Structure formats: structure tokens, C-alpha cells
Amino acid sequence: MYKNQIPTIEDFGKRIKRGTFGLYAALLTEKKMNKYPNGTLPRDRKTTPENPYIGKVYSLSIYQNAATGMNYYNIVKAECEREGIHFTDAEFAVAFPKEGTYCDSVDDTLANIIMEHNDTDQRYLRLYEGRKPTKVVYFTIYDNNGVMQLVDENSEMMNDIKRYISPKAPSAKQEALGIRNIVGVKQPKIENVVFLAQGEDIFINPRFGFVGLFNLENINKMFVGKK
């Protein structure tokens with residue numbers, strides 16, 4: 001299926017066919033966790049064991065029909081229109097004002113695809129969640145002394161991990177617009193991108209080449225199994 005292995009994520013980004021479907025992505029990012037279980041009071045922290053999973057638990061996110069290369073504000077405005085909430089450009093600018101950001105597009109050829117930190121050379125891949133027809137499935141990965149293991153969602157271990165994860169809050173700004181389908185912006189560091197694929201093109205991050213769990217066959221099985 002994939003005939004062209006693209007050497008860098010930047011080269012792949014320049015070949016993405018914008019406004020079309022069929023872009024696939026897989027990301028591995030360290031899961032944000034609290035030092036103590038949710039609800040632990042400050043006075044109890046001295047006697048409460050610290051989180052044993054910090055630095056060992058990751059989220060594997062697999063995107064089908066991933067969305068990138070588009071302006072965040074335009075996506076949100078389009079979602080308003082789709083849900084029957086209409087703004088003029090001037091009205092939308094007031095209702096959903098633009099905010100400063102810590103990064104900008106690397107260049108025009110990679111606009112809203114590859115971003116770079118304003119103060120460092122750190123680069124990120126910009127993706128959007130919530131925009132139809134993008135579908136994202138999530139898995140929890142545990143680093144067992146260098147061996148990546150898939151955590152059963154119904155296991156005692158998963159229930160224990162959840163005790164240290166705070167629930168995510170939706171975008172208050174988007175909720176204020178009245179839309180139901182919230183669009184989320186994801187900007188993982190490019191070194192955390194496992195692979196990107198579209199059409200006959202594929203970028204595979206050499207950083208994960210040794211991790212058998214993340215070969216394309218296994219990732220495809222995981223995605224299909226989550227439908």
C-alpha cells in the first residue's frame with residue numbers, strides 16, 4: 001500500500017493533500033498524571049505514597065482521517081455554521097477572540113502542520129480532534145523496564161492508573177459559542193509521532209523502529225479492534 005517512505009516529518013508534511021481524507025497518524029505521549037491520587041488533601045500528602053507510574057505510562061493515540069494544515073479559528077467557525085450558529089467575521093472575532101500562542105508555523109509550506117516554539121527549536125505536529133470525520137482511538141501503554149506493554153482497560157492496573165489522572169475540562173470558549181462538538185488542538189512534539197501515512201506516502205519515526213508493539217500491522221489491529 002505504501003510505496004514512498006518519506007525520510008523526515010517535514011518532507012511528509014509538504015506532501016500532505018490538504019482538504020482531503022485518508023491521513024493516518026499515531027502518537028505516543030507521556031500521560032499527564034498527578035503526584036498523588038485525585039482528591040488527596042495537602043495535609044495528607046506527607047503520609048500518602050507518591051504515584052508509582054510517573055514516567056512509565058503513555059498514551060498511544062491513533063488517528064483516522066486526521067485533520068491538519070488548517071487554521072484553528074476557521075475550523076471552529078465552520079463548526080458553528082455546521083451546527084446552525086451563524087456569525088459574521090466581525091461577530092466571530094468578538095465572540096471567539098484570537099489568543100497569543102507559544103509557537104508558529106515553520107514556514108508557509110508547512111502552515112498549521114509543523115509548528116516551532118518561538119523561543120527554542122522544538123517542533124510540533126499540529127492535529128485537531130473533534131472535527132468530523134476524524135476518528136481517534138486511545139490506548140494506555142506501560143513501560144515495563146523498557147518493554148512497552150498494552151494495558152487492559154478493564155484491568156486493576158488501569159483502575160489504579162486512573163486514580164492519578166485528572167478529568168479533562170472542555171473548552172469554555174467554545175462552549176460559550178453554543179456548539180456541542182468541541183474541537184481540540186493537539187500539538188505533540190515531532191519526536192513523539194510514531195508514523196504518518198496518506199495515500200502511498202508514509203513517514204515512520206526511526207525512534208520507534210525497535211518497538212515491536214508499534215509496527216503498522218499491530219497498530220492497524222488495535223485500531224480495527226476499537227471500532
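## A residue pair in the sheet

Phenylalanine 195 has isoleucine 204 of β12 opposite it. Strand β12 covers residues 201-204 and pairs with β11 in the antiparallel sense, over four bridges. Strands here are DSSP runs (E, at least two residues) and helices are runs of H or I with at least four residues, numbered from the N terminus. Two strands count as paired if DSSP finds at least two bridges between them.

## Basis of the model

The model is predicted: local features need pLDDT of at least 70, side-chain atom pairs count only at pLDDT 80 or more, and totals for chains, interfaces and linings use all residues. Residues are numbered from 1 along each chain as its sequence is written, and side-chain values use heavy atoms, with hydrogens and water left out.

## The seven-stranded sheet

Seven strands form an open sheet with mixed pairing, in the order β1-β12-β11-β2-β3-β8-β9. At its edges are β1 (4-5) and β9 (147-150), each of which pairs on one side only.

Strand β2 pairs with β11 in the antiparallel sense over four bridges; there, alanine 25 has leucine 196 of β11 as its bridge partner. With β3 (residues 57-64), β2 makes six bridges, also in the antiparallel sense. Glutamate 30 has tyrosine 58 of β3 as its bridge partner.

## The three-stranded sheet

A further open sheet holds three strands in the order β4-β5-β6, with antiparallel pairing. Its edge strands, β4 (103-105) and β6 (123-125), each pair on one side only. From one strand to the next the twist averages 35 degrees, with axes taken as lines fitted to C-alpha atoms (for helices over the stretch in contact) and angles running from 0 to 180 degrees between N-to-C directions.

Three bridges join β5 (residues 114-117) to β6 in the antiparallel sense.

## Nonpolar cores

A nonpolar core is a set of buried Ala, Val, Leu, Ile, Met, Phe, Trp, Tyr and Cys residues joined through side-chain atoms within 4.5 Å. Buried means under 20% relative accessible area, exposed over 50%, and partly exposed in between (1.4 Å probe, protein chains only). The largest core has 19 residues, of which Ile9, Phe12, Tyr63, Ile114, Leu125, Leu127 and Leu196 touch the most other members. Two or more residues come from each of α1 (9-15), β2 (24-30) and β11 (193-198).

Beyond its neighbours within four places in sequence, isoleucine 9 is in contact with Ile114, Ile190, Val193, Leu196 and Phe203; contact means heavy atoms within 4.5 Å.
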